[in-house]
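Hi everyone, thanks for coming. Let's take a friendly walk through one structure together, so please have a look at the screen.

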Amino acid sequence: MSRRRHTDTNYSLTTTMPSGEVVIKDNLDTLEDIAKYINVEFFSDFPVVSRAMVNNWLFYEKRRKFGNRFNITRKEL
């Protein structure tokens, strides 16, 4: 279990499926929670996405091609 450092920050994940459907998941607390959610929902709980990858997607926008479908928004509470 990870420690939450900033209790006033929360994340939203918007995923565009290949069919064009948009899936939105709100109120994710940490980057680790985002990685776990993506792995469980889209990769059958296989560890494809790590917390470090999510960090790069959010702050540095470095992505592999499959990562382009995941858009993360940081929300200040």
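Here is a question to start with: which residues form one aromatic cluster? Before I answer, please keep in mind that what you see is a predicted model. The cluster is made of Y37, F42, W57 and F70.

Let's stay with the rings for a moment. The structure has three aromatic pairs. One of them is Y37 with F42, in an edge-to-face arrangement. Their centres are 6.2 Å apart, and the planes make an angle of 85°. Now, are these two residues buried or partly exposed? Y37 is buried, because its relative accessible area is 18%, and buried means under 20%. F42 has 21% relative accessibility, so F42 counts as partly exposed.

Next, the core. The largest nonpolar core holds 15 residues, and I34 and I72 have the most contacts inside it. Which elements each supply at least two residues of this core? They are β1, residues 9-16; α1, residues 31-42; α2, residues 51-60; and β3, residues 70-76. The biggest share comes from α1, which gives five residues.

Let's look at I72 itself. If we leave out residues up to four places away in sequence, I72 touches Y11, S12, L13, I34, V54, W57 and L58.

Now please turn to the strands. β1 runs antiparallel to β2, which covers residues 22-28, and five bridges join the two. T16 sits opposite V22 of β2. Together, β1 and β2 make a hairpin, with five residues between them. In the turn you'll find G20, with a positive phi of about 100°.

My last stop is D26, a residue in strand β2. K75 is 49 residues away from D26 along the chain, yet their C-alpha atoms are separated by 9.8 Å.

Definitions and conventions:
Residues numbered from 1 in each chain as written. Predicted model: local features only at pLDDT ≥ 70, side-chain atom pairs only at ≥ 80, totals over all residues. Heavy atoms only, no water. Core = buried A, V, L, I, M, F, W, Y, C linked by side-chain atoms within 4.5 Å. Buried < 20%, exposed > 50% of the residue type's maximum accessible area, 1.4 Å probe, protein only. Helix = DSSP H or I, 4+ residues; strand = E, 2+ residues; numbered from the N terminus. Contact = heavy atoms within 4.5 Å. Pairing = 2+ DSSP bridges. Phe/Tyr/Trp six-rings, centres within 6.5 Å; stacked < 30°, edge-to-face > 60°.
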